[in-house]
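Dear colleague,

I am passing on the structure below, and after it you will find my notes on what came out of the analysis. Please read them with the coordinates open beside you.

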Amino acid sequence: MAAAARILIAKPGLDGHDRGAKIVARALRDAGFEVVFTGIRQRVESIVATAVQEDVAVVGLSILSGAHLALTARVVEGLRAADAPDIAVVVGGTIPAADVPRLHAAGAGAVFPTGTPLDAVVAGVRALTATAARVV
């Protein structure tokens with residue numbers, strides 16, 4: 001039996017609201033993923049270091065502050081600089097539809113705006129981890 005994919009759920013920046021991130025973390029855990037939760041107000045450098053240390057397949061960023069474009073780009077760049085470009089980044093939260101293509105261009109493997117059904121989040125993360133498993 002294959003080991004469960006490890007997922008890091010992180011709250012970058014100054015946003016202190018974590019209810020949605022905890023709900024997503026629980027849904028992923030209930031779907032069979034191993035979930036690591038960083039807590040609120042994390043620096044990008046800490047998120048990258050934790051992702052590498054915990055050997056995760058996916059970093060899930062929960063962002064409500066409006067800084068989703070900059071924070072996502074910084075996490076993706078940080079993972080590349082840490083020689084971990086194979087770690088997928090997904091982002092969820094208060095994200096205008098117009099920003100979704102920009103997040104993909106910045107390196108996000110999937111984007112889940114507020115209101116995305118939990119089963120769609122799980123399916124999206126599962127697809128990313130299945131793709132990563134085939135590459136390895």
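Which side chain does D18 meet in a salt bridge? In this model, which is predicted, the partner is K22, with 3.2 Å from N to O; K22 itself is partly exposed, its relative accessible area being 46%.

A search of the whole structure gives 8 salt bridges, and one of them pairs E34 with R6, whose closest N and O atoms are 2.1 Å apart. Because E34 belongs to strand β2 (residues 34–37) and R6 to strand β1 (residues 6–10), this pair ties together parts that are 28 residues apart in sequence. E34 counts as partly exposed at 38% relative accessibility, whereas R6, at 18%, counts as buried. A further salt bridge links D99 to R102, with the closest N and O atoms 3.5 Å apart, and D99 is buried, with a relative accessible area of 11%. Through shared partners, salt bridges also join R6, E34 and E54 into one network.

Turning to helix α3 (residues 68–81), its 14 residues should span 20 Å at 1.5 Å a residue, which agrees with the 20 Å between its end C-alpha atoms. Its buried residues, including H68, L71, V75 and L79, pack against α2 (44–53), β3 (58–63), β4 (88–93) and α4 (100–105). Just after α3, D83 takes a positive phi of about 60°.

Finally, β4 and strand β5 (residues 110–113) run parallel and are joined by 4 bridges, with V90 standing opposite A110 in β5; together with α4, these strands make a right-handed β-α-β unit.

Notes: Residues are numbered from 1 along each chain as its sequence is written. This is a predicted model: local features need pLDDT of at least 70, side-chain atom pairs count only at pLDDT 80 or more; totals for chains, interfaces and linings use all residues. Side-chain values use heavy atoms; hydrogens and water are left out. Helices (H or I, at least four residues) and strands (E, at least two) are DSSP runs, numbered from the N terminus. The expected span of a helix is 1.5 Å times one less than its number of residues. Buried means under 20% relative accessible area, exposed over 50%, partly exposed in between (1.4 Å probe, protein chains only). Contact means heavy atoms within 4.5 Å. Two strands pair if DSSP finds at least two bridges between them. A crossover is right-handed if, with the strands pointing away from the viewer, the path from the first strand over the helix to the second runs clockwise. A salt bridge is a side-chain nitrogen of Lys or Arg within 4 Å of a carboxyl oxygen of Asp or Glu.
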